[in-house]
Amino acid sequence: MTSVILKTATRLVGALVLVLSIYLLWRGHHAPGGGFIAALVAATGFALVVLAEGPGVVRRGLRIRPQYLIGAGLALSMGAGLVGMIRQQPFLTGVWWPSTSAVAGTPLFFDTGVFLVVLGAILTVLLALEES
Amino acid sequence: MSNLLIYPILLPFGTAAASLLLWRKPALQQAVSLAGVIGQLAACIVLFSAVTEDGIQVLQVGNWPAPYGISLVADHLSVLMLMVTGILGTAAAFYARGELPDHLRAKSFHALFHVLLGGLSGAFLTGDLFNLYVWFEVMLMASFGLMTSGQRRAQFRGAVPYVVINLLATLLFLMGLALLYGLTGTLNMAHLHQKILSHEARGLLTAVAFLFMAAFGIKAGMFPLFFWLPASYHTPGIAVSALFAGMLTKVGVYALIRTFSLVFHHDMATTHGVLLVIAGLTMVTGVLGAAAQNAFRRILSFHIISQVGYMLLGLALWTPLALTGTVFYLVHHMIVKANLFLVSGLGRDINGTMDLNRMGGLYQAYPVVAVLFFVPAFSLAGFPPLSGFWAKLLLIQASLQVEHYIVAAIAVAVGLMTVYSMVKIWIEAFWKPLPSSGTGGAAVPYSGWKMAPVCVLAMITLVIGLGAEPVYRLADTAARELMAPQVYVEAVLGGGRP
C-alpha cells in the first residue's frame with residue numbers, strides 16, 4: 001500500500017507505540033502491564049510499519065530473524081527463574097537488587113523474556129503472512 | 001520444597017530455546033534435540049524415584065504459599081504419566097531422526113516438539129486448574145505447528161478441525177474455570193477439594209463439573225466428541241503422530257481423572273454415573289468405527305477412542321480396583337499405541353502406502369517388522385500374557401465386582417472386536433502376498449534410528465506383560481492416592497511450605 005498519510009503517520013505513531021510498550025513492560029510488576037501485553041502493543045507498532053512500508057523494511061530493521069527473539073526470550077525467562085534456584089529457593093523466587101527495593105530484580109528479566117517470546121512469535125507469523 | 005519437579009518442564013523448554021537459537025545449524029539442532037529428550041527422561045526418572053521413595057513431592061513456584069501461588073505436585077499418577085512422556089518423547093525423537101529429511105525443511109520442528117513435551121510435563125505436574133489451562137494452550141499451539149510441519153494440503157485439512165474443536169474445548173474449560181472460581185474463590189485443586197467438601201451450591205457445582213467433563217472429553221476423544229481425532233491423526237509425520245496418539249488424548253483422560261477425583265467429589269452418583277454410560281458408548285463407537293476403516297493409521301486412530309472408553313470406565317466405577325485398572329491401562333496403552341503408529345511407518349516405508357488393500361507381503365519379506373507389529377497389536381487386543389491382557393482383566397474384574405454386568409460384557413465384546421481389527425491388519429499387511437498393484441519387492445534397508453525405538457517400546461510392552469506385578473503395585477498406589485485425596489491436600493496446603 002502506498003499512502004503518504006499512512007507512511008507519515010506511521011513514523012510518528014509507530015515510535016510512540018514502541019515507547020508505550022516499554023513503559024508497560026517497566027510498570028508491569030506492580031501495576032497493570034507486563035511483558036505479554038507490552039509485546040502485543042509493540043507488535044501493533046511493527047504491524048503498522050509492515051502495512052505502511054512492507055515486510056522487507058521490518059526484516060531489515062530487525063537485523064535478526066524473529067525466531068531468535070523467541071529463543072533468546074525463552075532463555076532469558078528461564079535464566080531469571082534459575083537465579084532463585086541457585087540460592088536454594090524454589091524456581092522463579094524473586095531476587096531483587098538491592099534486596100529491599102522493588103525496582104530491578106529477576107521478575108523484570110522474566111517479563112523481558114516474555115516480551116521477547118511474544119513479540120518474536122507475532123512477528124514470525126506476521127512477516128510470513130505478509131510475504132506469502 | 002523440591003526443585004526436582006521443575007526439571008521435566010524446564011529441560012524441554014531449554015532445549016526448545018537452544019534449537020531456536022541454532023536456526024541455521026540443523027545438524028547441531030538435531031544433536032541438541034536428542035540430548036534434550038534424554039535429559040528429560042533422566043529428570044523424569046529422578047522425580048519418579050523420589051516420589052516412590054518419599055511420597056508426594058510439592059514445589060511452590062516462586063515461593064508463594066499454596067492457595068495463592070502455583071503449586072507443582074507430583075504424586076504416583078503424575079510420575080507414572082511423566083515416565084511414559086519421557087519414554088515416548090525419546091522414542092519419537094529418535095524415530096524423527098530417521099525420517100527427518102521430510103522435516104528438515106521445517107526448521108521449527110525441534111522447538112515445537114520440545115515445547116509439546118514441556119507442555120505435557122507441565123500438565124501432569126500442575127496442582128492448579130488455571131495453570132492446567134495454560135499448559136493445554138501450550139500443547140495446542142505446539143501440536144498445531146507439528147501437525148502442519150510438512151505443509152501438505154492433507155495436513156491442513158486434518159489440522160483445521162483439530163484446532164477448531166480444541167479451541168471450543170478450551171473455551172468450555174475457561175468458562176468452567178470462571179464459574180468455579182466464582183463459586184469457590186480458588187483454583188488450586190487441593191484448596192478446591194476442601195472448599196467443595198463444605199460447599200452448599202451442590203447443584204451449581206455439578207453443572208460446572210459437566211462443563212469440565214465436556215472440555216476434557218473433547219481433548220480425550222470421548223463419545224460423542226471424538227470425530228476430530230480420526231480426521232487428523234493420520235496426516236502428520238510418523239514420529240509426530242505416534243507422540244500424539246500416545247500422549248494427547250491421554251492428557252485429557254488424566255485431566256478427567258484428576259478433576260473427578262480431587263475436585264468434583266460432591267455428587268459422584270450423577271457425575272460418575274454419566275461417565276459410566278459415556279465410557280460404554282465410547283468403547284463401542286470407537287471399535288465399530290475402526291472395523292469400517294481400511295487404512296493402517298486410521299484403524300489405529302479409531303482404536304484410541306475405544307481404548308479411552310476403557311480408561312473412563314475405571315474412573316466411572318470408582319473402586320480401588322477399577323482405578324488401578326485405569327492407571328495400568330493408561331501406562332500400557334500409551335506405550336503400545338505409540339509403538340503401533342511407529343510400526344505403521346515401517347510398513348509404509350516398505351510398501352509405500354498405508355492403504356491395506358495395496359499393502360502385503362511384509363511377513364515374508366520382513367519377519368522382524370512382523371514380530372514388532374505382533375507384540376503391540378496383540379497386546380492392544382488383550383492377548384495374555386501381554387500388557388493389555390492385565391489391563392483389561394483388571395477393569396472387567398472391577399466391573400464384575402460392583403455387579404455392572406452389562407459394562408463388563410461390553411468390555412469383553414469390544415476386546416474381541418479389537419482382535420478383529422488387529423487380525424485384519426495382520427492378514428492384509430503382513431500375511432497376504434503383495435498385490436500386483438503394490439510396491440515393496442525391492443529391499444528397503446532397516447533404519448537403525450527407526451528400528452531402535454520400536455524395539456525398545458516392544459520390549460517395554462513385553463516387560464509390563466510378563467512382569468505385571470511392579471506396574472500393578474505402582475498403579476495400585478496411585479489409585480489409593482486418588483481415592484484418599486487428603487494426603488495430596490495436606491502435602492500441598494500443609495507441610496509443603498518451605
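This is a predicted model: local features need pLDDT of at least 70, side-chain atom pairs count only at pLDDT 80 or more; totals for chains, interfaces and linings use all residues.
**Entry 1: surface charge**

I looked for clusters of like charge on the surface. I found a patch of positive charge there, and A:R65, B:R24, B:K25 and B:K107 gather in it. Where does B:R24 sit in chain B? I placed B:R24 in the loop between α1 (7–21) and α2 (26–54). Is B:R24 buried or exposed? I read a relative accessible area of 61% for B:R24. The cut-off for exposed is over 50%, so B:R24 counts as exposed.

**Entry 2: cysteines**

I turned to sulfur next. A disulfide is a covalent bond between the sulfur atoms of two cysteines.

B:C44 has a relative accessible area of 1%. Buried means under 20%, so B:C44 is buried. B:C455 comes out at 31% and is partly exposed.

**Entry 3: salt bridges**

Side chains of opposite charge can pair when their charged atoms come close. I counted 8 salt bridges over all chains.

- I started with B:R358, which forms a salt bridge with B:D355. Their closest N and O atoms are 3.8 Å apart. The cut-off is within 4 Å, so this pair counts. B:R358 is partly exposed at 40% relative accessibility. B:D355 is also listed as partly exposed, at 24%.
- I went on to B:E428, which pairs with B:K432 in a salt bridge. Here the closest N and O atoms lie 2.9 Å apart. I read 23% relative accessibility for B:E428, which counts as partly exposed.
- I ended with B:E469 and B:R473, which form a salt bridge with 3.5 Å between the closest N and O atoms.

**Entry 4: the pair in α19**

I stayed with B:E469 and B:R473. Which helix holds both residues? I found both in helix α19 (residues 468–483) of chain B. They are 4 residues apart, about one turn of the helix.

Technical notes. Residues are numbered from 1 along each chain as its sequence is written. Chains are lettered from A and ligands numbered from 1 in the order in which they are written. Side-chain values use heavy atoms; hydrogens and water are left out. Patches are made of residues with over 30% relative accessible area and no salt bridge: like charges are joined within 9 Å, nonpolar side chains (Val, Leu, Ile, Met, Phe, Trp, Tyr) within 5 Å. Accessible areas come from the Shrake-Rupley method with a 1.4 Å probe; for residues, only the protein chains shown count as cover. A salt bridge is a side-chain nitrogen of Lys or Arg within 4 Å of a carboxyl oxygen of Asp or Glu. Lys and Arg count as positive and Asp and Glu as negative; His and the chain ends are not counted. The place of a charge is taken as NZ of Lys, CZ of Arg, CG of Asp or CD of Glu. Helices (H or I, at least four residues) and strands (E, at least two) are DSSP runs, numbered from the N terminus. Buried means under 20% relative accessible area, exposed over 50%, partly exposed in between (1.4 Å probe, protein chains only).
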